[in-house]
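Please have the sequence and the model open as you read.

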Amino acid sequence: MDKYKDYLVANVLIDGKIITYRLLSRELKVHVNLAKQMLFDFHDKQNAKKPGTVHATYLITGTKRPGPSQHSNGIHSQDGEDSIMQSSPYMSSMPEQEEVTDVAEEVVPVTSIILCRQEELEETKAQLEEMTSIHVYSLEPGPLQNMNLISLCNQEIVKKFAHQDPMDNWKAYGTIHNPHVKRRATRRPPPIASEATTAPKSIAQTSSTVQPKEKDDVTAQTARGSQLAVAAKKTDAKATFKREKSDIFKSFAKANAKPKAKEAEKSKEYTPAIESAEQSAHEDEPMKDVSEDEYEEDYTPEVEISKEKNDAARKARAEREEKLRKMMDDDDDDDDDNDDVPMDDAPIAEEPKDAPIERQPQKAAESASVTVSGGRRRGKRRVTKKKTVRDEEGYLVTKEEAVWESFSEDEPEPKKLKTVAPTISTAKGKKGAKQGQGQGNIMSFFSKK
Amino acid sequence: MAVKNGNFLIHEENFITDFPEQTRAFSSYNPLDTFELPKGVDKHYQQQYADMYFLRLAQLKAAVEQKAQDAWENFELAGEKATRVERVLDVRQGELCWVVGTIFMEMTMKPNILDDISKEHWIAAPPVREKYISPNGKDEMMLEDESGRLRVTGDHVASNAFVTGCIIAALGTETADGAFEIIATQHADFPRQPQRWERDEEALVLAGEKVKRKRPKAEKIAIVSGLEIGADDEDTINRDILLEWLEGAAAGGAEQARASRITRLIIAGDSVANSSPIPSREEFAEAKKIQKRYGYDSEAYDAIPADLLDQFLCDLLPSIPITILPGASDPASVAIPQQPIHPAMFPKCRESTKPPDQPHDHLYAFDSVTNPWQGDVDGWRLLGTGGQTVTDVQKYIEHESSLDIMEAMLRWRCIAPTAPDTLWCYPFQDDDPLLVRDCPHVYFAGNQPKAGTKVVAGPAGQRVTLIAVPKFRDSGKVVLLDMETLGVDFIQIAPQKIRS
């Protein structure tokens, strides 16, 4: 229950971030309504201790008072000029007067949902005839000049929690549940790292060094996951903070940020969910869907979608992606590997010799006639290449052609291969590459170039 | 001010932790594919647009003639009886008569394809004009049919709003200078209005099942338009609050319960800003200045707005079913009827999109539909557009509110009279779906300058609720339509002005 205080101290007071009730509810896995109360409680008590340390925005719903203030509700309400326009006559070019003169049009009741800062709270309340609800929408270290900054919280939710299946956790968050709709059993997009499906083998090897006995035991996979999670938790305490990015919220922060919370959050996420990649490689079936072309007729997928099947599939999916995600997180700071899983070291050190072979692109290239001479491997492989030619009508036509290409071992690996193998040998080089791919981080925009 | 159970300004000692589970209400959803064009090779663009006018006149002539007959059968002016004339060229000077034809407005400010070609190669869209009306009053109105054209004048013309493409019957005489002076007009008026649940019950009967006598009480649907994601000064926080309110997270108590009574969200066009495949003249000129780069050019194509829309829909879909119509600025086809935004634009919504082999399974939450679109929700016939049709008609006339125009369009029985004259349109050959066959119960148009609603009545007791849906980006307004009473109320999302 008190987790929220730690979280808010770390994020709002120390890191200087904006935290909305929705983000808080996701982070702590609590009902949104509870999160709203937590924000209020924290705001109140913190400001009682030290006035002015936390700033709040409120969300109020209700109906506005009729009269001049309602008049500006129409087109210009975006500016929120209600309070200012009260006394002055409406001089806009918009035919606003019609609202009054047009008798045939009905007077429509308007419920207003107003987001306001604590500075304007009383003023906003005064505009309302009836108030149906009020809660704290977000907490931030200081007054906001632009409300749109709060949107960053929802962006963070999208990034962090995209893998969660909404059908599983509507209850926890208090989202309105819709039992009436059908859903197709498709794979959810993995959180950020979509490059997750290659290189299952080398991962599997590392995993086998961790728990060699259970390698092929499918049923034991979940058990193993949790076991490792426990192991990881133990090492949590030792984990040190490495990730310190330039942060837009920093500019709002008053104090020097001490990245305690991030560390906690990061280590929480860490579990070596290795087998998941292997699993997903198998199950990554091609998406048969309309998006491929305009409504293709020849495709007939399974028609029956039984509920149990759906549920089972969803659960499996959620599990898998949870693991996958954790693996991704774990993957981008390699230092963790050193700290947390010491037993990884020995086997991995020997690996690089074989690893590249296994990590060759499965789809694009298949090798043939590989010769090994003096520790070097040479051979030919088949690579798909794009070729653009001008046809007789003058159009440029791009074709994909399979071409045989010779290679030897010291060649750099093909670029399209995005390995996720958590081997030490590759991890260092990848760190740079990692930033380039995936979703651009808004923070990087603000950082100095 | 008392706030019952919607107040979450509570201290830890009194935390409420027990919240009722919110379940979304259900509405029957049975869309029609009236405006779907043939796919692939069956879609042709070689036809002449003249056929459309011919078709329209042929199909509406009987109804308009009937109305005129009833109205003017015994009409006498100065002892002279009004006679019916078959073709506009048969009108004789000095005779009091009435004739049925198509209106054509000759306006100097109207975009003219020939002018455009003579000025430059026609690549970008013609410049957007606020109004086509010329300031010096030189506009002329014509009445035409397959035989020819008649210039019409008269006070009646000046005081009433007419636009190109509407079919009317005109009563008057030809004056000495060859113009036809109109003293009265008639139009087709509302067509037959289906009974509530008519289509659903028909289907049940055909399937040999028993017609349901008792149906659960219908709840509400929400209509929003003009999200304009990706616009320059977009208030992203408004969209966030809309999302949170619809999914039942924002506000509290009664408001959350109210949100759970909303059974469907209809997005009436312009969800994404500046994403039309055909750039406007301004956008085109802008693009010309920028030096061409090869490969992916983020300035030429920005995928982020479409991505954000996908995310927005994907966040909502598990909770609320969505019907999305394309609008003028959306990445869909540009000619009326706009075809559904392609599912490839919504990769994250795939779980809720119906599979292509089950086109009639409407239990999947996400439906990308045409603009205009019509369908049955809770038994009522809904007809909606992204608003281009209304906006275009507005350019022909001086001061008419969106609602008046919508009413007029229903009375003309044509929801896009100005297509194909000033509105891009598919060249229909055999049938024009833009003619109103069944009178809807609810007719909404998105992206209108002002929110509004009114109920209009037809000659045979038809009652239509007209709704002008404003742009969400400008107004923050969402329309809630009660599916039992067809009453309307608005939700307005607006941040309080910051005082600095």
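A residue is called buried when its relative accessible area is under 20%, exposed when over 50%, and partly exposed in between, with a 1.4 Å probe and protein chains only. Helices are DSSP runs of H or I with at least four residues, and strands are E runs of at least two, numbered from the N terminus.

The model is predicted, so local features need pLDDT of at least 70 and side-chain atom pairs pLDDT 80 or more, while totals for chains, interfaces and linings use all residues. Residues are numbered from 1 along each chain as its sequence is written, chains are lettered from A and ligands numbered from 1 in the order written, and side-chain values use heavy atoms, without hydrogens and water.

In helix 2 of chain A (residues 21–28), eight of eight residues are buried, among them A:Tyr21, A:Arg22 and A:Leu28. Helix 5 of chain B (residues 236–246) has ten of its eleven residues buried, so it is largely enclosed by the rest of the structure.

| Helix | Residue after it | Phi |
|---|---|---|
| Helix 2, chain A | A:Lys29 | about 55° |
| Helix 5, chain B | B:Gly248 | near 85° |

Between the chains, 98 residues of chain B are in contact (heavy atoms within 4.5 Å) with 101 residues of chain A. There are seven salt bridges between chain B and chain A, each a side-chain nitrogen of Lys or Arg within 4 Å of a carboxyl oxygen of Asp or Glu. The side chains of B:Glu247 and A:Arg22 form a salt bridge at 3.0 Å, N to O. Helix 5 of chain B gives nine residues, the largest share of the side of chain B that touches chain A.
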